[in-house]
Amino acid sequence: MSKKWLLLGIVIIMLCILAACGPGGMEQDANVSAGDMPDEPSKADLTADIEADNSNEIDDLVEAHFPLLDVVNGDTYDAEVYATQRFNKEELVSLFSSAIEPENISEEKDNQQIMVYPDDFVTLKHSENDDNVILIEVASEEFVRNNYSPSFLQTYFTYRLLDSFLGNGWSNRRARACQSGDCYGGYTSGGYGTPSRGSGTFRGGGPGSGK
């Protein structure tokens, strides 16, 4: 009898480990609403400040003007998630493009849009809890290369384009890695396995925060 219970315990532990490692093993909570947002400058002031900003890197531009919601931690590189209720996606795409020209802009699909810069991928989407809040995920190229699921990115770009952004053969290599659950599909409450995330509360950032 004791061996039976021991074997049952081992099976349960293995099932728990497999569940934790799969695509739903970790939630990236995107459920922020307007009531959770810290105070922001007015839309007009933010627009003027961004247009006057001399930043050459999109991550510096976003960090300087929007409150930081969360950080998603990869093995070496992180993705930062900001939020705003002052703009919609189309306005942010236009504003960011005018300030720093991207290499590519995806079509809007699944209520999301991705802007590709030389060193960063910027994903814009509505909060799942409030359409008036836009989430801005800024992921370094290395974070995307080492963590993202190609099946997620193929929703927005062809494999050929992805390999041109991230290196020849990247799509196939990552697809093989994702078979073990080692992949990430953006900041959403649906959960996409690794990597881990921070506290999910606003953590500073925005005007005057600096690096």
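The entries run from the whole chain to single sites.

**Basis.** I am working from a predicted model, in which local features need pLDDT of at least 70 and side-chain atom pairs count only at pLDDT 80 or more, while totals for chains, interfaces and linings use all residues. Residues are numbered from 1 along each chain as its sequence is written, and side-chain values use heavy atoms, with hydrogens and water left out.

**Whole chain.** I counted eight helices and seven strands in the protein chain. Both are DSSP runs numbered from the N terminus: helices are H or I with at least four residues, strands E with at least two. Of the 211 residues, 43% count as buried. Buried means under 20% relative accessible area, exposed means over 50%, and partly exposed lies in between (1.4 Å probe, protein chains only). I also looked up contacts, meaning heavy atoms within 4.5 Å. Among contacts in the protein chain with a separation of 6 or more, 64% come from residues 24 or more positions apart.

**Helix α7.** Which residues of α7 are buried? In this helix, residues 159-166, I found Leu162, Asp163, Phe165 and Leu166 buried. They cover an arc of only 160 degrees around the axis, so they sit on the same side of α7. The arc is taken from the directions from the helix axis to the C-beta atoms. On the other side of α7, Arg160 and Ser164 are exposed. I then checked what the buried residues of α7 pack against: the strands β3 (104-105), β4 (112-116) and β5 (120-126), and the helices α5 (141-147), α6 (150-153) and α8 (170-178). Just after α7, glycine 167 takes a positive phi of about 110 degrees.

**Helices α2 and α4.** I looked up how α2 (residues 43-52) and α4 (residues 89-99) meet. Their axes come within 9 Å and cross at roughly 25 degrees. Axes are lines fitted to C-alpha atoms, for helices over the stretch in contact, and angles run from 0 to 180 degrees between N-to-C directions. The two helices are therefore roughly parallel to each other. The cut-offs are under 35 degrees for roughly parallel, over 145 for roughly antiparallel, 65 to 115 for roughly perpendicular, and oblique for the rest. From α2, Lys43, Thr47, Ile50 and Glu51 meet Glu91, Leu95 and Ala99 of α4.

**Asparagine 56.** This residue is in the loop between α2 and α3 (58-65). Asparagine 56 is exposed, at 66% relative accessible area. Its C-alpha atom is separated by 8.6 Å from that of alanine 99, 43 residues apart along the chain.

Most residues other than glycine have a negative phi. Aspartate 110 has a positive phi of about 50 degrees although it is not a glycine. I placed aspartate 110 in the loop between β3 and β4. It is exposed, with a relative accessible area of 63%. Asparagine 111 is in the loop between β3 and β4 as well. Its phi is near 65 degrees, again positive in a residue other than glycine. At 36% relative accessibility, asparagine 111 is partly exposed.

**Cysteines.** How many disulfides does a search of the whole structure find? I got zero. A disulfide is a pair of cysteine sulfur atoms within 2.5 Å. Cysteine 178 is in no disulfide, and the nearest cysteine sulfur, that of cysteine 183, is 3.4 Å away. Cysteine 178 is buried, at 17% relative accessible area. Cysteine 183 is buried too, at 10%.
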